[in-house]
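Me: I am new to this structure and would like a close look at its aromatic rings. Please take me through how they pair and what surrounds them.

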Amino acid sequence: MDKQDVLFVLSVDTEEEWEWSNDFPETDCSVKNIEKLPAFQEFCESWGIKPTYFVDYAVANDTFSSDVLRTFASKRKAEIGAHLHPWCNPPFFGKTDEAKSHVVNLPKDHVKAKLDHLIERLITNIGPAPMSFRSGRWGINGSTLELLAERGFKVDSSVYPFYENTYFSCKNRDSTPYWPSFENADVEGSQRNLMELPITAGFNRSHFKYADNIHTFLAKSPMRLAKPVGLLWHTNILRKLYLSPELTDSTSMKMLVNICLEKQYPVIHMYLHSSSLLDGVTGLLQVDNAYQRICGRMSEVIKHLHAKANVRFCTISEASALLKHKINTHFSD
């Protein structure tokens with residue numbers, strides 16, 4: 001049987017490091033994790049991976065960090081996208097609390113001002129105008145999509161499939177790329193200027209939405225008091241999986257890849273945070289030698305993917321352009 005064709009995208013939220021349970025840092029942000037990126041970029045290139053670095057203001061505003069990323073961009077083996085962290089991105093409109101840390105909760109004029117400052121700093125310090133965007137802490141709405149389209153962005157990647165919190169919901173979206181409506185970012189619209197390309201997430205069962213319904217029901221009170229989600233995880237009956245080497249081991253990621261290929265997803269989209277390349281700075285990946293752990297997991301997944309499919313490595317904007325061409329070609333046949 002012939003292998004199917006699939007695009008592979010790796011996106012990296014490239015940002016300051018801090019303990020995520022603490023207050024949001026506004027100034028004097030530490031970006032020591034960027035020192036890990038030259039070696040990480042070399043590792044990616046050894047596999048043919050072309051990372052997309054979603055860069056926030058704290059990183060773009062740092063001389064060493066912007067020099068590193070400018071080198072990547074100049075080699076055309078990586079893409080520099082925009083990553084908006086409201087708490088460290090001027091102008092400031094008061095102290096950032098949990099609600100205001102989510103872009104979807106900010107007034108449109110606040111988002112506009114912060115986005116323009118971020119774009120200016122990315123262009124001035126790193127290189128070409130960004131064509132791709134991801135909101136800090138996930139979530140997107142129509143008004144922000146409009147701002148992105150007006151500024152020439154071609155792809156957004158702020159949808160976190162099968163996830164919701166107090167401030168936004170992506171429960172109705174899977175990892176399939178789509179053209180979001182500017183009236184309701186959660187549904188397909190008629191515009192064809194800005195594509196949504198979510199990260200790859202799902203379950204160890206092929207019917208993702210049915211599995212998510214069960215997972216959601218069991219996670220809510222009063223059911224959650226018996227901790228059924230943990231029981232199902234440990235017995236391998238139902239597991240929620242993310243294609244992220246900082247969250248998921250290689251065995252589970254390979255399982256997710258298999259199911260996504262069976263479902264004929266056109267893109268396999270892995271993601272991580274640059275801060276996870278340092279040991280123990282965020283509270284997310286609490287292991288020694290986090291860098292080696294991440295690279296080892298990635299290597300296992302890439303080897304597995306090569307065995308299962310014809311893989312084309314591309315940045316997120318390249319993937320968007322290829323998908324748009326494929327869609328247009330399909331409709332013209």
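Reply: A charge is said to sit over a ring if NZ of Lys or CZ of Arg is within 6 Å of the ring centre and within 35 degrees of the ring normal. In this model, which is predicted, the charged end of Arg173 meets that description, since it is placed over the ring of Tyr178 at 3.6 Å from the ring's centre. Another such case is Lys263, which lies over the face of Phe208, 4.6 Å from the ring centre.

From charges over rings we can turn to rings beside rings. A pair of aromatic rings is described by the distance of the centres and the angle of the planes. With centres within 6.5 Å as the cut-off for a pair, the count comes to 18 aromatic pairs. One of them is the stacked pair of Trp138 and Tyr160, whose centres are 4.3 Å apart and whose planes stand at 15° to each other. This pair links distant parts of the chain, for Trp138 belongs to the loop between β4 (132–135) and α5, while Tyr160 belongs to the loop between β5 (155–156) and β6 (195–196), 22 residues apart. Both Trp138 and Tyr160 are buried.

A second example, Phe162 with Phe203, is edge-to-face, with 5.6 Å from centre to centre and 65° between the planes. Because Phe162 lies in the loop between β5 and β6 and Phe203 in strand β7 (residues 201–203), this pair ties together parts that are 41 residues apart in sequence. Buried means under 20% relative accessible area, so Phe162, at 1%, counts as buried, and Phe203, with a relative accessible area of 0%, is buried too.

Returning to Trp138 and Tyr160, one finds that ring pairs link them with Tyr163, Phe168, Tyr242 and Tyr271 into a cluster.

The loop that holds Trp138 leads on to α5, and this helix has a partner of its own. Helix α5 (residues 142–150) packs with helix α4 (residues 108–125) at an angle of about 35°, their axes being 10 Å apart, and the crossing of the two is right-handed. On the α4 side the contact is made by Lys108, Val111, Lys112 and Leu115, which meet Ser143, Thr144, Glu146, Leu147 and Leu148 in α5. By kind, the residues of this contact divide into four nonpolar, two polar and three charged.

Terms used. Residues numbered from 1 in each chain as written. Predicted model: local features only at pLDDT ≥ 70, side-chain atom pairs only at ≥ 80, totals over all residues. Heavy atoms only, no water. Axes fitted to C-alpha atoms, helices over the stretch in contact; angles between N-to-C directions. Helix = DSSP H or I, 4+ residues; strand = E, 2+ residues; numbered from the N terminus. Left-handed = near helix turned anticlockwise from the far one by under 90°. Contact = heavy atoms within 4.5 Å. Nonpolar A, V, L, I, M, F, W, Y, C, P; charged D, E, K, R; others polar. Phe/Tyr/Trp six-rings, centres within 6.5 Å; stacked < 30°, edge-to-face > 60°. Buried < 20%, exposed > 50% of the residue type's maximum accessible area, 1.4 Å probe, protein only.
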